[in-house]
Amino acid sequence: MIEQAALIIQLGGLVAFPTETVYGLGADAMNEEAVQKIFQAKGRPADNPLIVHVNSLEMLHRVASEINDIANTLIEKFCPGPLTLVLRRRPEVAPTVSAGLQTVAVRMPNHPVALALIEKADTPIAAPSANSSGKPSPTSALHVLYDLDERIEMILDGGSTNIGIESTVLDITRNVPMILRLGWITQEMIAETIGEVRQAISESELKRSPGTRYRHYSPRARVVLLENVSAAFIHKFCTDLLKTEIVGLISKTPVFIDDSRFSSILLEDNPVDYARQIYAALRELDEKNPGVIVVEGISEKGEGAAVMDRLKRAASEFHRE
Ligand code: TXA
Ligand code: MG
């Protein structure tokens, strides 16, 4: 299977593969034509650059330059793992990977299938999350199949992914490193390793990570995020919505409503469980064609910050295309 998948990559085709975060949709990062197929398959806006996946320091040096002490410290501590570093790009990388930027985002996934695929293909693999643009990222091979079936050559099935939300994206090309996307590697963990690190907040800062401008992680139904509310509040909120529409609920608080148009998924009150299951839960409830999916938030402490970042984006009307 891996041999076949590697051959498809070498021939300029698309292969979906598991990583420890979410499934990726991979193509040879050095082959411009192959990379363009990713954008077509996903319906991805052309100005949203891709993450390049490598399996070794040697391969990292094929795509990025100016790999400084900060980069090396972070690599030693977090690679392989869910941390993506934005570095200066080498000219050999297919231009569309960087969407016109002078930088390239690189990570080393901590997953045996992903690493074996890169090793066999012997080329860096550009891979965004393997969902249709705007949808929740895929955490199982079935999710990929559902979104992209006819458009890709092959899916490597590695079961459900372990972490469940995408990697932290950290830009280290600036004076003070900046987190462009929150993820499993938290700001505190990075600060402990390299000292000062900032989190992008302003619009101009976010322009550095074009992907954060688009609608993301959203099922067909609209998503409403509730924070710091009681069981009684959630019950009343959903009951009111049920007067006019089908309702889905994802919560850490058990809520029982006896109505066939109501479906709920209960998660444990911690970031591990939420991250691992949130995208699958959104997809599962969406199958029932609800008008709305209500999601109960969790604490933003530690890894919870990344989970809440995704939920806020899923619930935001603001960035809808
Ligand atoms: O966990 C992950 O990161 C997954 C797995 C498959 O590795 N990949 C993933 O890729 O989430 P994607 O394409 O869905 O998200 C890539 C993010 C986007 O927000 C994009 O804007 C940002 O990384 N990005 C990529 N290249 C960049 C660059 N050169 N400068 C700034 N941001 C960049
Ligand atoms: Mg994505």
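**Entry 1: the model.** I am working from a predicted model.

**Entry 2: α1 and α6.** I looked up helix α1, residues 2-10. I then found helix α6 at residues 112-121. Their axes come within 8 Å. They cross at roughly 55 degrees.

**Entry 3: who touches whom.** Which residues of α1 meet α6? I listed I2, E3, A5, A6, I9 and Q10. On the α6 side I wrote down V113, A116, L117, K120 and A121. I sorted the residues of this contact by type: 8 are nonpolar, 1 is polar and 2 are charged.

**Entry 4: strand β5.** Next I turned to β5, residues 83-89. Is this strand mostly covered or mostly open? It is mostly covered, with 6 of its 7 residues buried.

**Entry 5: partners of β5.** I went through the pairings one by one.

- Strand β4, residues 64-65, pairs with β5 in the antiparallel sense over 2 bridges. Here A64 has R89 of β5 as its bridge partner.
- Strand β6, residues 103-107, also pairs with β5 in the antiparallel sense, over 4 bridges. L87 stands opposite V104 in β6.
- Strand β9, residues 168-171, pairs with β5 in the parallel sense over 4 bridges. V86 stands opposite D171 in β9.

**Entry 6: a reminder to myself.** Side chains in a regular strand alternate between the two faces of the sheet.

Definitions and conventions: Residues numbered from 1 in each chain as written. Chains lettered and ligands numbered in written order. Predicted model: local features only at pLDDT ≥ 70, side-chain atom pairs only at ≥ 80, totals over all residues. Heavy atoms only, no water. Axes fitted to C-alpha atoms, helices over the stretch in contact; angles between N-to-C directions. Contact = heavy atoms within 4.5 Å. Nonpolar A, V, L, I, M, F, W, Y, C, P; charged D, E, K, R; others polar. Buried < 20%, exposed > 50% of the residue type's maximum accessible area, 1.4 Å probe, protein only. Pairing = 2+ DSSP bridges.
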